[in-house]
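Thanks for coming. Please have a look at it first.

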Amino acid sequence: MGRIHVLGKSVLGPRAGLAIKNTLNTRHPISNTFKSTKLRDPVLEIDLANRRLTDEGLFAFIADLKDLLRYKSEQYPQGVAKLQELHLQGNELTVRSLRELGHLIQLSARDLRELNLSNNKIFIKDYNSRLEVQEWELFLRSFSQCCVLKKVDFGDNSLGDTGIDIFARVYTQSELDFVNTSSSEEDEHNEAPMSSTSVSGSSDSRGTSHRRRQSQPKVTKTYPDADINHYACTRGLQSVPYIILANVDMNDASVVHLSEMIKIRRTPEQLLDYLPGGKSLSLPDNPNYATKGIYWQPNSELGGLSLRLMETVAAVYAENTLHEDFGGTNLEDDDDDGELSHGQVERRQKRKKLEGELHRLESQQRIQALLSGGVSDSALWKHSLELLTVSRAILLDGKRRPPSAEKELSTVKKNVRPQLANNEIAPQAPTTARKFGYQPTDRSGVTPTGVLISSMRFDPESSTFDFMFPSMHAPSPNPAQTPTMLDVGAVLSAYDDRNKSSTGPSRQSKGKQSSAAFHREWKALTDKQYRFEYRFGLPLHIWGRIIMLSRNWSRFVPPAHQQRIFNYAADWDGLASELAVDGAPQNQQIWRILDNMKCFSYVSADQKGLGLGLANLYLQQPNTKVILTTRTSPSELRSALPSSFAGTLQGIYKLESSSTEDAIALRESLLAEKLAKIDIVIANAGYGDPFTSLLDAPIDAMDKLYQVNALGPVRLYQQLWPDFLSKSDQPPKFAVISSILSSIQLTNSTPCGAYAASKAAANLFIRKMHLENERLVALTLSPGWVQTANGQSFADAVGTARPPLTIDESVNAIVKTIAEAEKNTTSGKLIEVMTGEELPW
């Protein structure tokens with residue numbers, strides 16, 4: 001190994017840079033001072049610690065170093081230098097040096113193992129310092145392909161809240177880019193046979209596999225290119241086991257982002273499984289200063305609330321393994337009857353308590369961050385609010401504003417006054433409004449009593465405002481209003497009882513609804529005035545593109561956050577929730593808005609669909625192995641799952657449902673893992689947008705819908721049947737999550753032609769699987785109108801606030817339907833899971 005350093009303590013400043021330049025030239029074959037003996041070991045370790053190099057000293061040699069790393073020839077096809085370590089601490093470097101260092105990191109992405117930039121003058125003031133912000137972000141993005149980096153030290157630099165905010169954004173977006181790896185030795189278990197379930201997640205991502213290694217690979221100082229396929233399983237900043245951010249001027253906003261990074265981060269031990277061996281690293285003396293390999297202490301400006309939050313995050317997310325809970329107990333060691341031991345129950349109760357405390361501390365920390373620094377401390381917060389303001393001005397339709405309490409009350413008065421003389425309660429006002437879904441409906445056509453609760457809306461313009469909110473204003477002097485008011489307690493009671501009876505009904509109660517009644521609900525939906533057009537007749541997704549192009553919001557606001565902001569901006573309920581806290585301190589009002597939009601963290605908050613719900617439910621079943629696929633980062637999905645479960649998480653794989661290559665890669669990865677069989681496959685991947693009329697639907701979007709929704713399940717079937725489903729010792733089951741919108745017989749004028757056609761094609765493919773494969777139980781399932789991203793997009797298109805079904809309600813019905821499915825009953829059919837009825841094609 002070639003260790004390059006400067007001899008002589010007196011060689012400081014730019015002179016030290018010139019000394020390194022001369023040393024590097026002795027290794028370059030085209031240099032006049034070239035010495036071939038220097039190339040016996042191409043590995044370089046450059047140590048310039050505490051040489052007060054300055055930017056000028058770095059510029060003196062870095063161009064020569066980059067030329068040396070790039071050089072290849074017929075005589076030296078593998079190059080003549082590989083940079084493994086670079087120590088530049090204590091050199092008075094500023095942001096001016098970052099761009100050149102970024103180029104150097106990119107050239108050494110396959111080799112660099114340690115980088116030390118601590119104790120320099122890298123100063124990020126705020127987002128108004130555009131040059132500093134740009135150079136810091138570009139520098140951090142240069143780590144995207146680093147695959148063997150073990151340690152990076154940014155300590156003792158004035159990064160501040162802005163620097164940490166940028167670091168969090170780049171860190172979260174870096175992901176862990178998995179590629180196919182060689183199989184590891186299979187563990188031998190003498191245990192009872194376990195059911196294997198595969199849940200295919202949503203689409204739109206590259207397909208590759210992730211599996212925790214059982215032992216750390218042992219390699220020499222250098223390694224052949226073939227080993228890169230293993231080490232490159234993890235890349236980018238998320239793959240670095242040790243990151244030092246001590247004494248970087250963190251404040252309250254920094255801790256908000258740091259805590260979210262900890263949630264999705266793997267432990268150093270897990271990350272080291274994908275890195276080559278070598279000499280031990282020099283780390284800070286106090287291991288208590290680190291959380292999952294990030295050394296974030298000391299930072300003297302952090303208060304007690306920040307420290308308690310980080311302590312709680314460390315307790316809840318101490319481990320991010322596939323089989324261990326936070327207390328380190330393997331849940332596969334359950335009793336034979338599948339019941340949890342007393343110790344496991346206590347640990348779960350402790351974790352639940354910690355999670356509640358974490359949620360409370362997170363809210364307090366975010367409110368405090370907005371109070372101490374405002375929205376300018378985070379680009380995400382600032383630009384999310386800007387995007388909301390512009391989107392609301394365009395998307396919020398005044399014609400669809402809910403009627404004020406004053407108008408509702410005047411309608412009630414007309415019915416009440418004629419009967420007041422006889423002390424009778426006025427009949428309820430009739431209504432024709434119907435809510436699509438599977439909730440029990442009142443066929444009498446009379447509005448339930450609880451609807452009058454809407455007259456208690458926080459509406460300062462209403463004449464009932466003083467009566468409903470007496471603590472804010474004096475009671476109304478007009479006594480004539482008092483007799484017209486119904487008993488508020490009775491109204492609340494009736495409203496609550498009705499909600500309880502209509503929320504989360506059992507499968508049996510929903511099954512009593514006849515098919516004709518269900519179709520009447522569907523007919524009521526078709527008669528509505530659908531909102532698939534906004535200002536100037538454009539659909540929501542088109543307005544989204546126009547708004548995003550008007551300014552550079554995409555740089556700071558991730559796509560998933562953008563969609564939530566658009567939905568929130570177009571919803572009058574969002575504005576009503578803001579008015580409800582009007583008068584509260586400004587930081588609390590802003591906190592409420594950002595919290596409603598889930599825009600406090602760069603980590604996507606969209607892991608809440610049917611796929612995650614199904615994963616959670618199957619993982620709670622003992623003696624069940626679950627395989628998951630996801631369109632996003634596997635580590636992000638893992639962080640959305642509970643840390644402990646009764647079943648076994650066999651693995652998480654990246655899969656783009658529109659890619660045949662990814663489906664093949666999934667099969668090969670499962671074969672490499674020596675998976676014996678799969679009993680159930682649930683093809684849950686789905687794509688919905690745009691929900692527009694057929695005339696307005698973009699052709700390229702329609703093609704994507706067909707590739708994901710129709711051909712995605714076929715790709716899974718072709719790849720998983722020969723080696724896994726066919727090996728099941730019971731009739732294997734293949735279920736596709738479809739939709740009632742796919743029924744041609746029930747089709748209507750709702751703006752979903754492209755989506756419905758793609759799901760109808762999937763129905764046909766399932767019917768063919770049923771007819772062609774005698775063993776396979778193949779069925780398509782209509783999960784209901786569920787509160788998922790696709791469900792909400794459809795609700796936006798038809799002008800409904802939100803879908804009626806929760807994810808838990810739908811998921812429980814899906815699992816029950818699949819468990820009861822048989823070849824001669826439900827196979828080859830489209831089943832409505834909430835009623836158990838067969839829907840027409």
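In which loop is P298 found? This is a predicted model, and in it P298 lies in the loop between strand 10 (294–295) and helix 9 (304–316). The peptide bond that joins Q297 and P298 is cis, with omega at about 0°.

Next, two asparagines. N50 has a positive phi, near 55°, and is a residue other than glycine. Its place is in the loop between strand 2 and helix 2. N119 also has a positive phi, near 55°. N119 sits in the loop between strand 4 (114–116) and helix 4 (130–141).

Now to strand 2, residues 43–47. 5 of its 5 residues are buried, so strand 2 is largely enclosed by the rest of the structure. As for directions, V43, E45 and D47 point one way from the strand, while L44 and I46 point the other way. The buried set therefore includes E45 and D47 as well as V43, L44 and I46, given that buried means under 20% relative accessible area.

What does strand 2 pair with? Its partner is strand 3 (residues 82–87), in the parallel sense, over 5 bridges. Within strand 3, K82 is the bridge partner of V43. Between the two strands, the chain passes through helix 2 (residues 54–70), and this β-α-β crossover is right-handed.

That is what I have for today.

Notes
Residues are numbered from 1 along each chain as its sequence is written. This is a predicted model: local features need pLDDT of at least 70, side-chain atom pairs count only at pLDDT 80 or more; totals for chains, interfaces and linings use all residues. Side-chain values use heavy atoms; hydrogens and water are left out. Buried means under 20% relative accessible area, exposed over 50%, partly exposed in between (1.4 Å probe, protein chains only). Helices (H or I, at least four residues) and strands (E, at least two) are DSSP runs, numbered from the N terminus. Two strands pair if DSSP finds at least two bridges between them. A crossover is right-handed if, with the strands pointing away from the viewer, the path from the first strand over the helix to the second runs clockwise.
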